[in-house]
Amino acid sequence: MTIPFIDFARLSHTDASVKKAIDEVLRQRWYIRGPEVDDFEAAFARALGTGYCIATGNGTDSLYLALRALGIGPGDEVITPAFGWISSAETVSLCGATPVFADVNESNFCLDPQRLREKITHRTRAVVVVHLYGGPADIQPILELCQSHDLALVEDCAQAHLTRYNNRTAGTFGQVGCFSFYPTKNLGALGDAGCVVTNNAGLNEKIRRLANHGALEKDDHLIEGTNSRMDTLQAAVLLARLPHLESWNHQRRQNAALYAEGLKDIHGIVPPSVADKTEHTFHLFVIRARERDALKSHLEDHGIQTMIHYPKALPNLPAYRRLGHHPSDFPVASRFEGEVLSLPIFPGLTPDEVSYICDRIREFYANR
Ligand SMILES: *Cc1c(COP(=O)(O)O)cnc(C)c1O
């Protein structure tokens, strides 16, 4: 058997509606800020239960625009998790502010509220929380800390489309939620795309302006901004695919449940856990594994493609050498570097494939 890490061909049931949407854009020839962009914004805001959605060029821009709209700039500190994708930290630097890393929880890979509390100083202005792998962070205690210290809360939901916590959608807890529609995300475009969601009318206008050279209407440049708009074409594709998102997430959860069953009681691995009152969307299915690299090779030898998200904790990257951290400053994040392994979990992955992967993992540990 060969099992790829992701197989876009298994999403081909949407090809007909996607092609129809693309044809319509070609017919209208309104390539930037066309009507599909407004339609997608409205549809995504409705799906999340939020007041406003601003379509952007990509997820990284979404974070940058959100931080800029919140007034983050030189002299400010923004606390971000020590483990995850670089966007949540690099966009803080892009604003001229300083990213301050806090260690993550062993149980959910996300920002640990206790570690976050220890990093708050008189310069802290905001927190970027990342709902990593599709599971929500401990948002309630983090929200309370932000409220009591008067800090803005930005949620990075690039891996958490329709993830829920206490029946509320990720992205609707903080001042702003930032999404990416990079092709491999739970809702993916045919290229780069992203959005910001908020319930705040003032932030909606500010982000909208910043994403379009400071203007809402043509030539209405009240402020300076940048160019980060979602192409009409990508909005049309996303509109065609959005109705499938819940069902794709459901398939991911079903496969996660099969994994949980198939990986039970294997000494050497820790499967991901799902906290009470949360709905995980399993953007990634990440186990922690003893002898991770040998396990990865063993799976490769049996035709199973896996990935490592992420091989380095953020403070340990060369990009952050200037901050002068030592791996022991972030013990959990630094330990994850050698333990995490992402197994295939894309929609369309079959139960037989999951069971084949589980068997190969079980046999690896049986022989040691
Ligand atoms: C993908 C991703 C981003 C960035 O999104 P792009 O659209 O690729 O810029 C940001 N944060 C996290 C957690 C991501 O997974």
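Where is the place of Tyr 31? Tyr 31 sits in the loop that joins helix H1 (15-28) to helix H2 (35-48); helices are DSSP runs of H or I with at least four residues, and strands are runs of E with at least two, numbered from the N terminus. The model is a predicted one, in which local features need pLDDT of at least 70 and side-chain atom pairs count only at pLDDT 80 or more, while totals for chains, interfaces and linings use all residues. Residues are numbered from 1 along each chain as its sequence is written, and side-chain values use heavy atoms, with hydrogens and water left out.

Tyr 31 is partly exposed because its relative accessible area is 43%; buried means under 20%, exposed over 50%, and partly exposed in between (1.4 Å probe, protein chains only). Together with Leu 26 and Ile 32, Tyr 31 forms a nonpolar surface patch with about 280 Å² of accessible area. Such areas come from the Shrake-Rupley method with a 1.4 Å probe, and for residues only the protein chains shown count as cover. Patches consist of residues with over 30% relative accessible area and no salt bridge, like charges being joined within 9 Å and nonpolar side chains (Val, Leu, Ile, Met, Phe, Trp, Tyr) within 5 Å.

The next topic is the ligand. Its surroundings include Asn 58, Gly 59, Thr 60, Trp 85, Asp 156, Gln 159 and Lys 185, where a residue is near a molecule or strand if one of its heavy atoms lies within 4 Å of it. A polar side-chain atom of Asp 156 is 2.7 Å from a nitrogen atom of the ligand, and one of Gln 159 is 2.8 Å from a ligand oxygen atom. A backbone N or O atom of Gly 59 lies 2.7 Å from an oxygen atom of the ligand. Of the 380 Å² of accessible area that the ligand has on its own, the protein covers 92%.

Gly 59 also belongs to helix H3 (residues 59-69), which is largely enclosed by the rest of the structure because 8 of its 11 residues are buried. Among these buried residues are Gly 59, Tyr 64 and Leu 67. Asn 58 caps the N-terminal end of H3, with a side-chain oxygen 3.0 Å from the backbone nitrogen of Thr 60. Just after H3, Gly 71 adopts a positive phi of about 85 degrees.

Charged side chains are considered next. Side chains of opposite charge can pair when their charged atoms come close. The count comes to 22 salt bridges, each being a side-chain nitrogen of Lys or Arg within 4 Å of a carboxyl oxygen of Asp or Glu. In helix H5 (residues 113-119), Arg 115 and Glu 118 lie 3 residues apart, about one turn of the helix, and their side chains meet in a salt bridge (2.9 Å, N to O). Arg 115 counts as partly exposed because its relative accessibility is 31%, whereas Glu 118, at 51%, counts as exposed.

Another salt bridge links Arg 292 and Asp 293 (2.7 Å, N to O). Arg 292 is buried at 7% relative accessibility, while Asp 293 is partly exposed at 49%. The side chains of Arg 335 and Glu 339 also form a salt bridge (3.5 Å, N to O).

Definitions and conventions
A polar contact is a pair of N or O atoms within 3.5 Å; within protein, one must be able to donate a hydrogen and the other to accept it, and residues adjacent in sequence count only if both atoms are side-chain atoms.
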